[in-house]
Amino acid sequence: MEVTTNEKKQNQLIIALSIIIPVAVAALFKIRIESLPRLGFLPPIYATINGLTAVLLVLAVIQIKKGKKELHEKLIKTAMIFSVLFLLMYVAYHASADATKFGDTNFDGLVSEAEKLATGNSRYFYYFLLATHIILSIIVIPFVLFTYVRAARGKFVLHKKLAKITFPLWLYVAVTGVVVYVMISPYYPI
C-alpha cells in the first residue's frame, strides 16, 4: 500500500502533535500566571466534559454497530472537541492554581503523616488511577488522531483495526478523569 505525500505530511503532523501537546502541557503546568484569577470553578466543568466524552464514545460505538456512520462521525468529532476543551480548561486551571494534594485536609499544600493515615489505602488507588490516567492520556493522542485520519481517508479496515485499541484507551482516560476529580475534589481549597 503506497502512502501519498499528503498522507506522509498528515502522519508527520500527528507525530509532531503527539509530542508537542504533552511537552507543552508539562511546561505550562509549571507556569503560574499571578495576574490570572484562580479558576477554581473549572475542575467540575472539565470533569463533566470528561464524563460526557465517555458517554459520546460509547454512543459512537453503538451507532457504528447499527451502521449509522454519519451519526458515529458526529459523535466522535464532538468527543474530540470535548477532549480539546478539557485540555484547554485543565491547563488554564493549573496556570491559575497550585496543584491540589490528595489528603490535604487543612489546605496547607502539604500532606502530613496524620493526613496520610486519614486517607488510608485510598491514596494508593488514587495515585494509581492518576498515574495511569496521565500516561494513557499521552499515549492516546496519536491513537485518536491516526484513527480519525484513517476514517477520513476512507481506509475503514485500518480505521476499525486501530479503533479497537483507541476506544478502550480513550474511554479509560475519560472515565478515570472523572473518578480522579471525584476523589481529589474534597481537597480543593475553598
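Contact here means heavy atoms within 4.5 Å. The legends below describe a predicted model.

**Figure 1. Thr147 packs against a neighbouring stretch of chain.** Thr147 is found in helix α5, residues 122-152. Its relative accessibility is 7%, so Thr147 counts as buried. Leaving aside residues up to four places away in sequence, Thr147 touches His159, Leu162, Ala163 and Thr166.

Figure 2. Helix α6 covers residues 156-184, which makes 29 residues. From its first C-alpha to its last, α6 reaches 40 Å. That is close to the 42 Å expected at 1.5 Å a residue.

**Figure 3. Glu7 joins Arg153 and Lys155 in a salt-bridge network.** Glu7, Arg153 and Lys155 are linked by salt bridges into a network. The side chains of Arg153 and Glu7 meet at 3.9 Å, N to O. Arg153 lies in the loop between α5 and α6, and Glu7 in helix α1 (residues 5-29), so this pair ties together parts that are 146 residues apart in sequence. The side chains of Lys155 and Glu7 meet at 2.8 Å, N to O. This second pair also links distant parts of the chain, with Lys155 in the loop between α5 and α6 and Glu7 in helix α1, 148 residues apart. Is Glu7 buried or exposed? Glu7 is buried, with a relative accessible area of 10%. Arg153 is partly exposed, at 25%. A search of the whole structure finds 4 salt bridges.

Figure 4. Lys116 forms a salt bridge with Glu113. The closest N and O atoms are 3.6 Å apart. The two residues sit 3 positions apart in helix α4, so about one helical turn separates Lys116 and Glu113. An α-helix has 3.6 residues a turn, so residues three or four places apart point the same way. Glu113 is exposed, with a relative accessible area of 55%. Lys116 is partly exposed, at 29%.

**Figure 5. Phe107 has a positive phi.** Phe107 is found in the loop between α3 (69-96) and α4 (113-119). Its phi is near 60 degrees, a positive value in a residue other than glycine. Most residues other than glycine have a negative phi. Phe107 is partly exposed, with a relative accessible area of 34%.

**Figure 6. Helix α3 and its cover.** α3 has 28 residues. It reaches 41 Å from its first C-alpha to its last, close to the 40 Å expected at 1.5 Å a residue. Which residues of α3 are buried? They are His72, Leu75, Ile76, Ala79, Met80, Phe86, Met89, Val91, Tyr93, His94, Ala95 and Ser96. What covers these buried residues includes α1, α2, α5 and α6.

Figure 7. Val55, Val58, Leu59 and Ile62 make a nonpolar surface patch of about 280 Å². One of them, Val58, is found in helix α2, residues 42-65. Val58 is partly exposed, with a relative accessible area of 35%. That value clears the patch cut-off, because patches are made of residues with over 30% relative accessible area.

**Figure 8. The whole chain, for orientation.** The secondary structure comes to 6 helices and 0 strands. Read along the sequence, the pattern is α-α-α-α-α-α. Along its principal axes, the C-alpha trace spans about 60 × 35 × 25 Å. Of the 190 residues, 34% count as buried. Among contacts with a separation of 6 or more, 77% come from residues 24 or more positions apart. The protein exposes about 11500 Å², and carbon and sulfur atoms supply 71% of that area.

How values were computed:
Residues are numbered from 1 along each chain as its sequence is written. This is a predicted model: local features need pLDDT of at least 70, side-chain atom pairs count only at pLDDT 80 or more; totals for chains, interfaces and linings use all residues. Side-chain values use heavy atoms; hydrogens and water are left out. Patches are made of residues with over 30% relative accessible area and no salt bridge: like charges are joined within 9 Å, nonpolar side chains (Val, Leu, Ile, Met, Phe, Trp, Tyr) within 5 Å. Accessible areas come from the Shrake-Rupley method with a 1.4 Å probe; for residues, only the protein chains shown count as cover. Helices (H or I, at least four residues) and strands (E, at least two) are DSSP runs, numbered from the N terminus. Buried means under 20% relative accessible area, exposed over 50%, partly exposed in between (1.4 Å probe, protein chains only). The expected span of a helix is 1.5 Å times one less than its number of residues.
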